[in-house]
Amino acid sequence: MSESFTNLQPEPIGPMCATLTREQAAEYLNIPQGTLDVWRTRKKGPCYVRMGRNIRYRVTTLDAYLLANEQGGSAA
């Protein structure tokens, strides 16, 4: 009865997926907050949601960004 962790997906919360603050998103990606800020001003990096003056990142978007930027290794 072992379940594969590769099939686990974040569960949507309400009409939108779970969102993270820029601090939480930086921690999730294991990068400095400043890097996220620079990417955002240069229109690079993961997409974000602006809610008034607040910036939020969807967990599913961060995961997709990581997958899209995966390099090296072999898919065995």
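**A tour from the sheet to its helices**

Begin by selecting T19 and R58, since in strand β3 the bridge partner of T19 is R58; strands here are DSSP runs of E with at least two residues, helices are runs of H or I with at least four residues, and both are numbered from the N terminus. The model is a predicted one, in which local features need pLDDT of at least 70, side-chain atom pairs count only at pLDDT 80 or more, and totals for chains, interfaces and linings use all residues. Residues are numbered from 1 along each chain as its sequence is written, and side-chain values use heavy atoms, with hydrogens and water left out.

Widen the view to the open sheet of 3 strands, ordered β1-β3-β2 with antiparallel pairing, where two strands pair if DSSP finds at least two bridges between them. β1 (19–21) and β2 (49–51) are the edge strands, each pairing on one side only.

Finally, show α1 (residues 22–29) together with α3 (residues 59–68), which pack at an angle of about 35° with their axes 11 Å apart. At this contact (heavy atoms within 4.5 Å), A25, Y28 and L29 of α1 meet V59, L62, D63 and L66 of α3.

Terms used:
Axes are lines fitted to C-alpha atoms, for helices over the stretch in contact, and angles run from 0 to 180 degrees between N-to-C directions.
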